[in-house]
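Let's take a quick look at the pockets and the helix packing here. The model comes first, then the notes.

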Amino acid sequence: MLWLIVAILSSLISAFVVLIDRYLLKGLMLPPKVYAFYVGAFGILALALFPFGFYVPSPLQIFLALLVGIFQILGVLFYY
C-alpha cells in the first residue's frame with residue numbers, strides 16, 4: 001500500500017513543479033539562460049541523498065555524470 005502513497009505524492013510534487021515553472025517563466029519573465037542555470041544549480045540538492053548510501057564512483061562514471069549534467073542543462077536551455 002506504500003506504493004499508492006508514493007504515487008500520489010509524486011503526482012502532487014510534479015504538479016507543484018509545473019506551477020512554479022509557469023510562474024517563473026510567465027510571471028517573472030526570466031530569460032531562459034537564468035532559468036537553465038537555476039535548474040542546474042538546484043541539482044546540488046541531490047547531496048541530501050548521502051545518508052541513504054554513498055560510494056565513490058570510478059573516474060569514468062564521474063566524467064559521464066558531469067557530461068550528462070551539461071547536456072541536461074543545455075537541453076533545458078534550448079527547451080525554454
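## Pockets and helices

The lining of the second largest pocket splits into seven nonpolar residues, no polar ones and one charged (Ala, Val, Leu, Ile, Met, Phe, Trp, Tyr, Cys and Pro count as nonpolar, Asp, Glu, Lys and Arg as charged, and the others, Gly among them, as polar). Those lining residues are V17, I20, D21, L24, Y35, Y38, V39 and F42. Two elements, α1 (2-27) and α2, each give two or more residues to this lining, and α1 gives the most, with four.

A word on the source: this is a predicted model, where local features need pLDDT of at least 70, side-chain atom pairs count only at pLDDT 80 or more, and totals for chains, interfaces and linings use all residues. Residues are numbered from 1 along each chain as its sequence is written, and side-chain values use heavy atoms, with hydrogens and water left out.

| Pocket | Volume | Lining make-up |
|---|---|---|
| Largest | about 360 Å³ | 12 nonpolar, three polar, no charged |

A pocket here is an open set of points on a 1 Å grid over the protein atoms alone, where a 1.4 Å probe fits, with protein on both sides within 12 Å along at least five of seven lines; lining residues have an atom within 4 Å of a point. Points are joined across faces, edges and corners, and the volume is the space filled by probe spheres set on them. The largest pocket has 15 lining residues, with G43, A46, L47, F50 and F54 nearest its centre.

Now the helices (DSSP runs of H or I, at least four residues, numbered from the N terminus). With 26 residues, α1 reaches 37 Å from first C-alpha to last, close to the 38 Å expected (1.5 Å times one less than the number of residues). Just after α1, M29 has a positive phi of about 55°.

Which residues of α2 meet α3? P32, K33, Y35, A36, V39 and G40 in α2 meet Q72, I73, V76 and L77 in α3 (heavy atoms within 4.5 Å). That contact divides into seven nonpolar, two polar and one charged residue.
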